[in-house]
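Trainee: I'd like to learn how to read a protein structure, step by step. Could you walk me through one?

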Amino acid sequence: MAKVKGAVEVNTEMCKGCNLCVVACPTGVLSLNKNVNVKGYNFSYMENPEACIGCSSCADVCPDACITVYRVKL
Amino acid sequence: MDIKEIMKPENQVKAKSKLLTDVPMHYCPGCSHGVVHKLIAEVIEEMGIQENTVAVSPVGCAVFAYNYIDIDWHEAAHGRAPAVATGIKRLQPDKFVFTYQGDGDLAAIGTAETIHACNRGENFTIIFINNGIYGMTGGQMAPTTLEGMKTSTSPQGRDVSMAGFPLKIADMVAPLDGMRYVTRQSVHTPTAVRKAKKAIRKAFENQKDNKGGSLVEIVSTCNAGWKMTPAKANEWLVDNMFPAYPIGDLKNV
Ligand SMILES: Cc1ncc(C[n+]2csc(CCOP(=O)(O)OP(=O)(O)O)c2C)c(N)n1
């Protein structure tokens, strides 16, 4: 299997901190931030960026379409 | 490899559909409505039919759907979306027409419109969000509410001897000769989301050959109405909603 490396970018102001992406991530990349956005939500962020494989699971389940996914083959 | 190196436009594999506006959705955090809106926007974008799609929004939480997906919309009175869509599709048969309705809208006040539009084989798509509850008005019991399920109007749980049994609309319309495609999907996991998107795509594609109606039921969560976290609501969905509303195609001809 080719090695892949991914990264996700969260639109922190659109994120409502619902936690669904955190649950959906198969490699435990995401977590909710201690800080909050303008609306007071603990937005999602990459806590373990090295583990990201760019599988898009987080973006698939995100109700607010606030996740952009990137992937490169190494 | 540096994160900045990965986050380059050429490496982008998934981004927000261009059809979704920048208006933040008013839905509660983790609501299934948002996921389904996203799928519909993606399907319309991928089919390149943005200019040729007319949607009918319901009364219910999705009443403001027209603010979020950049296509033509028509608002219908509570439950009447299939009647309005019938008019639109008959006058403009070349347009892709769909209704987007909750269970309070489609399976309670609008049951007659739903059944008759399906029976007439109107050539549009019905997207049916079944969260077993009236979300918008404060979580009252709907016809789809499960037996024993607690809602604001059935605090002891739904008593079927008084309130009847969960109404299974997809099972009811599937045998109708007017219907061509009836399926039940969900959006609680990445795999389910991808399958639901395929189903929505198929329901839209079906309109091209004018062979009858398509209904896509999405068994959904209403975490605020169910009084659970979004993740817990997804688990509850699997344990409680799926036995009553099993996922899969009911009709595909
Ligand atoms: C004629 C009429 N009757 C009742 C209402 C009140 N009402 C607004 S939304 C709603 C139910 C919506 O529930 P559902 O269709 O399940 O959508 P959800 O909010 O759960 O997405 C009701 C009864 C109304 N707006 N109009």
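Mentor: Let's start with a word we'll need: a residue is called buried if its relative accessible area is under 20%, exposed if over 50%, and partly exposed in between. Keep in mind that this is a predicted model.

Trainee: Okay, let me try that out. Is B:Phe98 buried or exposed?

Mentor: B:Phe98 has 0% relative accessibility, so it counts as buried. B:Trp73, at 17%, counts as buried too.

Trainee: Those are both ring residues. How do I read the way two rings sit together?

Mentor: Look at the angle between the planes: over 60 degrees counts as edge-to-face. Over all chains, five aromatic pairs turn up here. In one of them, the ring centres of B:Phe64 and B:Tyr66 are 6.4 Å apart and the planes stand at 85°, so this pair is edge-to-face. B:Phe64 is partly exposed at 37%, and B:Tyr66 is partly exposed at 35%.

Trainee: And how are the rings of B:Trp73 and B:Phe98 arranged?

Mentor: That pair is edge-to-face as well, because the planes are at 75°, with the centres 5.8 Å apart. Now find them along the chain: B:Trp73 is in strand β3 (residues 72–75) and B:Phe98 in strand β4 (residues 96–102) of chain B, so the pair ties together parts 25 residues apart in sequence.

Trainee: Which charged residue sits over the ring of B:Tyr181?

Mentor: B:Lys202 does; its charged end is 5.2 Å from the centre of that ring.

Trainee: What about charges that meet other charges?

Mentor: Side chains of opposite charge can pair when their charged atoms come close. This structure holds 17 such salt bridges over all chains. Take B:Glu113 and B:Arg80, whose side chains meet at 3.5 Å, N to O. B:Glu113 lies in helix α5 (residues 111–120) and B:Arg80 in the loop between β3 and α3 (81–91) of chain B, so this bridge ties together parts 33 residues apart in sequence. B:Glu113 is partly exposed, with 21% relative accessible area, and B:Arg80 is partly exposed at 30%.

Trainee: How do B:Arg120 and B:Glu122 pair up?

Mentor: They form a salt bridge too, with the closest N and O atoms 2.6 Å apart. Here B:Arg120 is partly exposed at 44%, whereas B:Glu122 counts as buried at 7%.

Trainee: Now for the two chains. How do I describe where they meet?

Mentor: The size of an interface is often given as the accessible area lost when the parts come together. Between chain B and chain A that area is about 2600 Å², with 66% of it from carbon and sulfur atoms. B:Ile6, B:Met7 and B:Lys14 supply 22% of what chain B buries against chain A, more than any other three residues. Counting contacts instead, 32 residues of chain B touch 33 residues of chain A.

Trainee: How many salt bridges cross the interface of chain B and chain A?

Mentor: Two. A salt bridge joins A:Asp60 and B:Lys14, with the closest N and O atoms 3.2 Å apart. There are also 11 residue pairs in polar contact across the interface.

Trainee: Which residues are joined with A:Asp60 in one salt-bridge network?

Mentor: Salt bridges that share partners link A:Asp60 with B:Lys14, B:Glu42, B:Glu46, B:Arg194 and B:Lys197.

Notes:
Residues are numbered from 1 along each chain as its sequence is written. Chains are lettered from A and ligands numbered from 1 in the order in which they are written. This is a predicted model: local features need pLDDT of at least 70, side-chain atom pairs count only at pLDDT 80 or more; totals for chains, interfaces and linings use all residues. Side-chain values use heavy atoms; hydrogens and water are left out. Rings of Phe, Tyr and Trp (its six-membered ring) pair if their centres lie within 6.5 Å; planes under 30 degrees apart count as stacked, over 60 as edge-to-face and the rest as tilted. Buried means under 20% relative accessible area, exposed over 50%, partly exposed in between (1.4 Å probe, protein chains only). Helices (H or I, at least four residues) and strands (E, at least two) are DSSP runs, numbered from the N terminus. A charge sits over a ring if NZ of Lys or CZ of Arg is within 6 Å of the ring centre and within 35 degrees of the ring normal. Contact means heavy atoms within 4.5 Å. Buried area is the accessible area (1.4 Å probe) that two parts lose on being put together, summed over both. A salt bridge is a side-chain nitrogen of Lys or Arg within 4 Å of a carboxyl oxygen of Asp or Glu. A polar contact is a pair of N or O atoms within 3.5 Å; within protein, one must be able to donate a hydrogen and the other to accept it, and residues adjacent in sequence count only if both atoms are side-chain atoms.
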